[in-house]
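The tour below goes from one selection to the next.

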Amino acid sequence: MVYVLKVILGLLSLAMGLATRFVYLDYKDIKKTEGFDDLSIWQKIRFNFTFFSIFSSIVSLIVFLVYFIIAKITIE
């Protein structure tokens, strides 16, 4: 039962890694667009804050899942 849980957590962490990759690639693509240059300073700060908060929350979820994969889990 514990092994099944660890496999599921591993698959979830891989899925979150893929989601993080797509979020980062979208961020890079949006920064290259012409419309991004037309934004005001405040809108750029808000955009960057939104991206980094999403990025940091996904990375912290991955770290949380990997911790449970590595940690010894027993069911009594």
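Which residues does Lys6 touch, not counting residues up to four places away in sequence? Select Lys6 and look around its side chain: Lys6 touches Phe68, Ile69, Ile70, Ala71 and Ile73, where contact means heavy atoms within 4.5 Å. The side chain of Lys6 also reaches the backbone oxygen of Ile69, at 2.9 Å. That is a polar contact, meaning a pair of N or O atoms within 3.5 Å; within protein, one must be able to donate a hydrogen and the other to accept it, and residues adjacent in sequence count only if both atoms are side-chain atoms.

Before going on, note that this is a predicted model, in which local features need pLDDT of at least 70, side-chain atom pairs count only at pLDDT 80 or more, and totals for chains, interfaces and linings use all residues. Residues are numbered from 1 along each chain as its sequence is written, and side-chain values use heavy atoms, with hydrogens and water left out.

**The whole chain**

Zoom out and switch to a cartoon view. The protein chain has three helices and zero strands, in the order α-α-α along the sequence. Helices (H or I, at least four residues) and strands (E, at least two) are DSSP runs, numbered from the N terminus. The C-alpha atoms fill a box of roughly 60 × 20 × 10 Å along the principal axes. The radius of gyration, taken over C-alpha atoms, is 17 Å, whereas a compact globule of 76 residues would have one near 11 Å. The globule rule is 2.2 Å times the number of residues to the power 0.38.

**Helix 1**

Select residues 2–31, which are helix 1. The 30 residues of helix 1 should span 44 Å at 1.5 Å a residue, and this agrees with its end C-alpha atoms, which are 43 Å apart. The expected span is 1.5 Å times one less than the number of residues. Now colour the buried residues of helix 1: Val2, Lys6, Leu9, Gly10, Ser13, Thr20 and Tyr27. Buried means under 20% relative accessible area, exposed over 50%, and partly exposed in between (1.4 Å probe, protein chains only). These buried residues pack against helix 3.

**Helix 3**

Select residues 41–70 for helix 3. Its buried residues are Phe51, Ile58, Ile62 and Leu65, and their cover includes helix 1. Go to Leu65, which counts as buried because its relative accessibility is 8%. Leaving aside neighbours within four places in sequence, Leu65 is in contact with Leu9, Leu12 and Ser13. Then draw a distance from Leu65 to Leu25: they are 40 residues apart along the chain, and their C-alpha atoms are separated by 23 Å.

**The aromatic rings**

Show the rings of Phe, Tyr and Trp (its six-membered ring); two of them pair if their centres lie within 6.5 Å, and planes under 30 degrees apart count as stacked, over 60 as edge-to-face and the rest as tilted. How many aromatic pairs are there by this rule? The count comes to nine. One of them is the stacked pair of Tyr27 and Phe51, with 3.8 Å centre to centre and 10 degrees between the planes. This pair links distant parts of the chain, with Tyr27 in helix 1 and Phe51 in helix 3, 24 residues apart. Both Tyr27 and Phe51 are buried. To finish, select Tyr24, Tyr27, Phe36, Phe47, Phe51, Phe52 and Phe55 together: these residues form one aromatic cluster.
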